[in-house]
Amino acid sequence: MDSNAKFRNRLIITDKEIEENIENYSKYFSESYLEKFCEYILNPIRKVWYRAEFIGFDSLPERNNPNSPLIYANNHSGMAFPWDAIIFISQIADRKYPQRNSIRALISPMLTKFPYMCPFMIDSLWWKAGCINANLLNFETGMKLNQSNLLIFPEGIEGIGKGFDKRYQLQKFRTSFIRMSIRYKSDVIPFYTINGEFNNPLAYNFKPLTNMVRKIGMPFFPLGPVIFLAIFQPWIFYVSLPSKLTFVMGKPIKVYDMVEKKSYEEYSQKDLKLVAEKIQEIMQKELLDYQKVYGKKFYDIKGLLKAMCKNFRVFFRFFPAFWPLVMTYFDVNFDSKNAKDSLKFSLKKCLKTIWKRPIVLAMYLPIFGWLIIWLRNAYLMKKREKQK
């Protein structure tokens, strides 16, 4: 069998495989959890710490093909936890769009495979918030179900981990979103994150070191000043500096009009790579154009201080040192049947949180905290293996 034939076989996901995957696709996602998590946790962070601005999002694009979701595509950056994606998803969720206009993100499986890659070791948080492991089966399932629109990061991990020296330089695009756009005749909706590069400035990707840490589940090692601070306060590993994140909507891309008309199975990997390169060129130009307009004040310290003073009463919700506590408190105490009362602050619930999740205390222990985190990670990994 030639390489093109092998490639085409990998593209074919059967209806039976999709049917069997539907339960897994929707298993952990809770709309009520996501809604309240945004309201109580992410909204203060978005409004104060990142002061996120959304340009061109007054109304979301309508589906060009009613039978298929739109595919949102975003540049990835930051050399830190994916706060660009987290903040964007929180904004969309907070607007409470009908399901067909909501967005679910396809994320790197590395974020869900290793427990310590969940924010503050809150197990399954990515899945509860609607994220899905990025693989062809899940992508195809999402397209076939035709429920929420889908968000992908064409650069993959290489985008967010490209290093400060390559800021605003899009890395090589994957081709899965090209395949899906062609197969389902669905528009790709690009949007751009500006200033995400300053989430962890002066951090660089040293390839030999990255290759080494990937063996323990870390997508890359952000070699820079912040990572050394995280040795003494582990929670710093999960947060970022207060860059003023700006999201700008781009122009829809009709991928299916950029290729020769033939059946989906006939496209070779070379065909798809050529289209991916063309789209990368389009998005690279738009990204640089928007960066010139919206990337001048990448921290806007005056705006940050003003927002902090205005929202001082909820200081513990937006200041990073408290994020491990407030997020864990939410996850432990949230009750979908009585969300408002279940999340009211009390000493009893604080003690309950620490009793059930003592790992949260490790976030504040210099050096020794990392040993506890790693032992907890190993225990959960072993537990998962037994459950398979």
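The questions and answers below concern a predicted model and go from a helix pair to the sheet and then to single residues.

Q: At what angle do the axes of helix α7 and helix α9 cross?
A: Two packed helices are described by the angle between their axes and the distance between the axes. For helix α7 (residues 136–145) and helix α9 (residues 176–184), the axes come within 11 Å, and the crossing angle is roughly 30°.

Q: Is α7 roughly parallel or roughly antiparallel to α9?
A: The axes of the two helices cross at roughly 30°. Because angles under 35 degrees count as roughly parallel, α7 and α9 are assigned as roughly parallel.

Q: How many charged residues take part in the contact of α7 with α9?
A: In a right-handed crossing, α7 passes α9. From α7 the contact takes Leu-136, Phe-139, Glu-140, Met-143 and Lys-144, while α9 supplies Ser-176, Phe-177, Arg-179, Met-180, Arg-183 and Tyr-184. Sorted by class, these comprise 6 nonpolar residues and 1 polar residue, and the number of charged residues is 4.

Q: Which strands stand at the edges of the open sheet?
A: The sheet is an open one of 7 strands with mixed pairing, and its order is β1-β9-β6-β2-β5-β3-β4. An edge strand has a single partner, so one of its sides is left without a neighbour in the sheet, and the strands in this position are β1 (53–55) and β4 (132–133).

Q: Which residue of β9 stands opposite Glu-53?
A: Strand β1 runs parallel to strand β9 (residues 246–249), and 3 bridges join them. Within β9, the residue opposite Glu-53 is Thr-246.

Q: What is the bridge partner of Thr-193 in β9?
A: The pairing of β6 with β9 is in the antiparallel sense and extends over 4 bridges. In β9, the partner bridged to Thr-193 is Phe-247.

Q: Which residues point the other way from Thr-246 and Val-248 in β9?
A: In a regular strand the side chains alternate between the two faces of the sheet. In β9, Thr-246 and Val-248 point one way, all of the residues concerned are buried, and those pointing the other way are Phe-247 and Met-249.

Q: At about what angle does helix α12 run to β6?
A: Helix α12 (residues 269–294) lies across β1, β2, β6 and β9. Relative to β6, the helix α12 runs at about 35°.

Q: Is Tyr-204 buried, partly exposed or exposed?
A: Tyr-204 belongs to strand β7 (residues 204–205), and its contacts, leaving aside neighbours within four places in sequence, are Met-79, Gly-163, Phe-164, Asp-165, Phe-221, Pro-222 and Leu-223. Since the relative accessibility of Tyr-204 is 34%, the residue counts as partly exposed.

Q: Is Arg-51 buried or exposed?
A: Arg-51 is found in the loop between α3 (31–49) and β1, and its phi is near 40°, a positive value in a residue other than glycine. Because its relative accessibility is 9%, Arg-51 counts as buried.

Q: What is the phi of Asn-146?
A: Asn-146 is found in the loop between α7 and β5. Although Asn-146 is not a glycine, its phi is positive, at about 60°.

Definitions and conventions. Residues are numbered from 1 along each chain as its sequence is written. This is a predicted model: local features need pLDDT of at least 70, side-chain atom pairs count only at pLDDT 80 or more; totals for chains, interfaces and linings use all residues. Side-chain values use heavy atoms; hydrogens and water are left out. Axes are lines fitted to C-alpha atoms, for helices over the stretch in contact, and angles run from 0 to 180 degrees between N-to-C directions. Angles under 35 degrees count as roughly parallel, over 145 as roughly antiparallel, 65 to 115 as roughly perpendicular and the rest as oblique. A crossing is left-handed if the near helix is turned anticlockwise from the far one by less than a right angle, and right-handed if clockwise. Contact means heavy atoms within 4.5 Å. Ala, Val, Leu, Ile, Met, Phe, Trp, Tyr, Cys and Pro count as nonpolar, Asp, Glu, Lys and Arg as charged, and the others, Gly among them, as polar. Two strands pair if DSSP finds at least two bridges between them. Buried means under 20% relative accessible area, exposed over 50%, partly exposed in between (1.4 Å probe, protein chains only).
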